[in-house]
Amino acid sequence: KIVKVDSLMSNAKITASEIIEITELKGNHNKLIIDPSVTKEFNEQIEEISEKIQKLEEELKAYPRQLSAKKELIEKNKPMAEMVKEKILELKENNVEPPVTLYAKIKDFQEKVVEYNALLQTFKDKKEYLHELYNELSVVQRKVFSAKIINHSAWKEFNEVKFHLISPPKDITYNPKEREITREIMLKDLGDGEYKIT
């Protein structure tokens, strides 16, 4: 995660996920790379979230078809349920006790509606959870934006600073100039897929 170097000579390749800190830079042709995916913990997190997303997306595929079938059934039975309701009211108005079968038909229709609503709610909840998982994945992948390369001395020419983005997979590279004084180098997200090393 963190690499600290007192005195950096030449031709080194240093990769860390959070911080690379150099007290004194003395050489050239060094590659300083910030890559969140170098840690086991990061890769496990990404893998775990990705697996959950995959499983949930698979589950969600069946819902529209099920919901459509249940809705169709309700629409088909609605006129009959309305007729049965009217018949029950008519019989009650004439002081005749409606047959139990009529009540059973109404109850059956109402159960279908309750089932449909419950399924629709589950579908909405799962979609919301999927959205949360995508946000979580984005947060984990955006750790690169809080990482930094710190150099307490002046930069030398022919050294390279690189930030590795996971999503979208992309490398952003910067070559500090000779005697440039930049203590902290970070990657900034400008939005719309644009990134800048500051």
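Strands E2 (residues 13–16) and E4 (residues 31–34) pair in the parallel sense over 4 bridges; strands, like helices, are DSSP runs numbered from the N terminus (strands E, at least two residues; helices H or I, at least four), and two strands pair if DSSP finds at least two bridges between them. Lysine 13 has lysine 31 of E4 as its bridge partner. The model is predicted, so that local features need pLDDT of at least 70 and side-chain atom pairs pLDDT 80 or more, whereas totals for chains, interfaces and linings use all residues. Residues are numbered from 1 along each chain as its sequence is written, and side-chain values use heavy atoms, with hydrogens and water left out.

In a regular strand the side chains alternate between the two faces of the sheet. Along E2, Ile14 and Ala16 point to one face and are buried (under 20% relative accessible area; exposed is over 50%, partly exposed in between, with a 1.4 Å probe and protein chains only).

A search of the whole structure finds 2 aromatic pairs (rings of Phe, Tyr and Trp, the last by its six-membered ring, with centres within 6.5 Å; stacked under 30 degrees between planes, edge-to-face over 60, tilted for the rest). Tyrosine 63 and phenylalanine 123 are stacked, at 5.5 Å centre to centre and 20 degrees between the planes. This pair links helix H2 (residues 63–93) to helix H3 (residues 100–141), across 60 residues. Tyrosine 63 is buried at 11% relative accessibility, and phenylalanine 123 is buried at 14%. Phenylalanine 145 and tyrosine 195 are also stacked, at 5.8 Å and 20 degrees.
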